[in-house]
Amino acid sequence: MARQISSPIELKTYAEEVCKKKERWEMVIAVCGGTGCSAFGSYDVRSAFTKEVEKLSLSDRVLVKMTGCHGFCEKGPVTIIYPWQYTYVSIKPEDVPEVIEKTIIKKELVDRLLYRDPVTKQRIKHNNEIPFYAHQKRLVFQHNGHLDPTSIDDYISVGGYQALAKALFEMTPEQVLVEVEKSGLRGRGGAGFPTGRKWRFCRNSPGSEKYIICNGDEGDPGAFMDRSVMEGNPHSVIEGMIIGAYAIGATKGFVYVRAEYPIAVKYTRLAIEQAHQYGLLGENILGSGFSFDIEVREGAGAFVCGEETALIASIEGKRGMPRPRPPFPAVSGLWGKPTNINNVETWANVPLIINKGADWFASIGTAESKGTKTFSLVGKINNTGIVEVPLGITLREIIYDIGGGISGGRKFKAVQTGGPSGGCIPEWLLDTPVDYERLTELGSMMGSGGMIVMDEGTCMIDVARYFMKFLSEESCGKCVPCREGIDRALDILTDITEGKGRKEDISLLEELGEVLKDGSLCGLGRTAANPVLSTIKYFRNEYEAHINEKKCPAGVCKALITFSIDEEKCKSCGKCAKVCPTKAASGKKKEPYKIDKEKCIKCGLCRESCKFGAVIVS
Amino acid sequence: MADMVELTIDGIKVRAPKGTTVLEAAREMGIVIPTLCYYPGLTPYGACRLCIVELIRGKRSSLDASCTLPVSDGMVVFTNSERVKKVRKVILELLLSTCPNSKVLQDMAANMGVTKVRFKIKDRGCILCGLCVRYCKEQMQSGGIGFVGRGTSRKVGTPFEMTPAECRNCNGCEWICPVCMRACRAGQLVEGICGGCLNVAVVETCPVCVKCSESVGPEGHRAYGK
């Protein structure tokens, strides 16, 4: 029911009302609707639950709802049953009748759907006992597992918009600003600029019309933290933006989301509409006299539009191209007006700081990096998913305690943090605490929070080449170092992976990397060399093996490897011959098989299929 | 009199009007900073990055393009430090690898001591400095040409690859091109940018054709007497 809330007291009464309404549900089945789980078919699971609940006429007692990302994408679809918080993983529509019958009606557990600890082999009942969750500190994501992102009532029932009421009625804009400054919150989009200081620049800029922007143009391969916030709890971002606007003195806000995130766009639009209906957005918010409005703008999917000046150009309807700074957006941004841009996660942190205070926030994290940070943990790891950890935690804890180590029993080789322009960090530096400064010291960066784990079967030159290819395609092409520099670095790396590397290539790459860092116009070019420079720094021997010995130690670069069969290990099972697409692998019963090097296209299928490890790559 | 700020360029204290750039201030002093995408009267663009200078901030220093860097009080700038020279040379190498036949670039290379290009040559015939685009838009108020595409596939073009109605056939795009490449391909320009050259009469003025932009016509360059 839409209603206008016109004072903080009304908001409180309404929150109580909503909470009371929620009490009528004896049980809530929360199915994860996040990116990973919906790919695993969570929408079908949800419909199965709804159907079953209706069939057994339980719909007045049991609520089935779709929530935002729970984070544990590896075991999707994840379903949590409240009030007991029983957590079922990898659930399928076929399992639904059993869950309803056993858990909902008989209040028993369905053992086989519970998470099984790979170490202790024990089944775990509750999500907060699963190691993946137990080592996290979920603040931005605290409500993701149980809130319906399409319902403002749900958000209000957990204390939503209370921070806004507090800011508007108990604090002056200056006090809000000081609070954010004191909290030590830093930009979660990558560069880590202190948020409070950024706000102050914009606030102090002359001009009556000011804008704020939420940067939701998350374009890193393998990263979906901001998406999960927008799809799981869009109201937290909107609340943060209104508080920010109040502190800065902005009149209008924009949420810039990439069009590839249709659900995020839909939910954010819906959230804005609902906030409008409730009088939490628009003219005279909560009767405070403060007016502010938000509009959603869709990006057309260019990586460079995550750069603030390019993003502003894109909102203005121009080509998404960065421009030189100064003037900084805080002085002259959107349509020449003072503009403040923050990342989705930064905005979502603001209500937390206002609610619980700067001191509480500053107590989490390290001396220079406060609070928590979300990461999307992907790659060759057992528990892929979205994690949120206090800053200062070591990479080892994230990868082994939360991530559950490397999949397939293989050995860890490197972790790349910070998206395509982050660096690769080797095993011996895993005990480094994760904060802005330490990661930059290692030649990587915090970035928006991508974390790609690589195992021993990864060739680091191939990895560097992949990221250079991505960046060469995503560079806007304006400045010479970025456009031509990345392209030439890609050429050199391609030559090395094809066995055409020259001795001087490593030093040339290093020189080119420095030029990219120093000479490029925007952050894209300035950080683009990180994957190359960090792999040279930590894995120089691999570069040397490729160039001098024409060998790929990881067995990845096709031009440098040959496949053969170890005659002693081969059991003549014929599996390799069966999977070989070119019939290069062949043999007779009771005789070791052979691979015809002429026919072999080095696809690696035989190696994967061989149970005895008889296929050798050299 | 406009507000003045005081800054230090290459160790010399200078005063420059507020709102001007470091490049302008340095050139006023007679300091040579190479540029390609800069042209007085057009909006600074900061794309070629040849005009980079070293900016000292306390104990740290950074490089920035001087054509887009506004002067400010107490600024300390070095226009030709070792770091600047090193980066500039590599940028020039990159430029040469995209336009190896450009005389302007070759001259610059000779001046800076760049004697070889270590990168793969990919003759694109254009350094995408954007001078023609800005000239067309800002000086001719036309906007007939613009950028198409992204990254290495970025190029200067016209809408739908047709000569646009906005084109005033002024030939300015060819005249302003710093690498002469537009002009040197005049014969095929109709496929190149706007096709404006087709309306320009043949001018036969030069004694020995060095393929400059002066004698561009529908048949291309002509040496005197031919």
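## Where chain B meets chain A

In this predicted model, 25 residues of chain B make contact with 27 residues of chain A.

As for what the chain B side that touches chain A is made of, the tally is 14 nonpolar, six polar and five charged residues.

In soluble globular proteins, nonpolar side chains tend to be buried together. Here, the largest nonpolar core has 229 residues, and the members touching the most others are A:Ile242, A:Ile243 and B:Cys132. Helix H11 of chain A (residues 234–248) provides the largest share of this core, nine residues.

What is A:Ile243 in contact with, leaving aside its neighbours within four places in sequence? The list runs A:Ala163, A:Leu164, A:Ala167, A:Val176, A:Val350, A:Pro351 and A:Ile354. There's also a second, separate core of twelve residues, and A:Ala584, A:Ile595, A:Ala614 and A:Val615 are among them.

## Inside chain B

Chain B is split by the domain assignment into domain 1 (4–112) and domain 2 (128–226). Between these two domains, 13 residues of domain 1 are in contact with twelve residues of domain 2.

What classes of residue make up the side of domain 1 of chain B that touches domain 2 of chain B? That side has ten nonpolar residues, two polar and one charged.

Key: Residues are numbered from 1 along each chain as its sequence is written. Chains are lettered from A and ligands numbered from 1 in the order in which they are written. This is a predicted model: local features need pLDDT of at least 70, side-chain atom pairs count only at pLDDT 80 or more; totals for chains, interfaces and linings use all residues. Two residues are in contact if their C-beta atoms, placed from the backbone, lie within 7 Å. Ala, Val, Leu, Ile, Met, Phe, Trp, Tyr, Cys and Pro count as nonpolar, Asp, Glu, Lys and Arg as charged, and the others, Gly among them, as polar. A nonpolar core is a set of buried Ala, Val, Leu, Ile, Met, Phe, Trp, Tyr and Cys residues joined through C-beta atoms within 7 Å. A residue is buried if 20 or more other C-beta atoms lie within 10 Å of its own, exposed if 12 or fewer, and partly exposed in between; C-beta atoms are placed from the backbone. Helices (H or I, at least four residues) and strands (E, at least two) are DSSP runs, numbered from the N terminus. Domain bounds come from an automatic or database domain assignment.
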